[in-house]
Amino acid sequence: MELDKIIPDSMVDTCGLSCPMPLLKTKKALKGLKAGQILEIVGTDPGSKKDIPNFGAKNGNTFLGLIDGEMGRTRYYIRKN
């Protein structure tokens, strides 16, 4: 799956937030999704590069990957299972 071609079902903007807020917002957003839907998380916290993939791989969901973008923003993709 090409990450830059994913059309997410929902998006969470965590830019400017520090740990643990990006992860908490991600958890909350995933609760609102149905199985098979994709969540995109956009953030600037360097710690999220470890936290979000680990969280996405646990809890029965699928971490699809991340894309480093402009201005220090990273986009993460998780499919709810």
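Modeller: Buried means under 20% relative accessible area, exposed over 50%, partly exposed in between (1.4 Å probe, protein chains only). This is a predicted model: local features need pLDDT of at least 70, side-chain atom pairs 80 or more, while totals for chains, interfaces and linings use all residues. Numbering runs from 1 along each chain as its sequence is written, and side-chain values use heavy atoms, without hydrogens or water.

Biologist: Is Cys15 buried, partly exposed or exposed?

Modeller: Its relative accessibility is 23%. Because of that value, Cys15 counts as partly exposed.

Biologist: How many disulfides are there?

Modeller: A disulfide needs two cysteine sulfur atoms within 2.5 Å. The sulfur of Cys19 is 16 Å from its closest cysteine sulfur, in Cys15, so the two are too far apart for a bond. Cys19 itself is exposed, at 53%. The disulfide count is zero.

Biologist: How many residues make up the largest nonpolar core?

Modeller: Such a core joins buried Ala, Val, Leu, Ile, Met, Phe, Trp, Tyr and Cys through side-chain atoms within 4.5 Å. Its members include Val12, Leu30, Phe55 and Tyr76. Helices H1 (21-31) and H2 (48-57) and strands S2 (38-43) and S4 (74-79) each give two or more. The total is ten.

Biologist: Which residue of S4 is the bridge partner of Phe63?

Modeller: Strands are DSSP E runs of at least two residues, helices H or I runs of at least four. S3 and S4 run antiparallel, joined by six bridges. In S4, Phe63 pairs with Ile78.

Notes:
Pairing = 2+ DSSP bridges.
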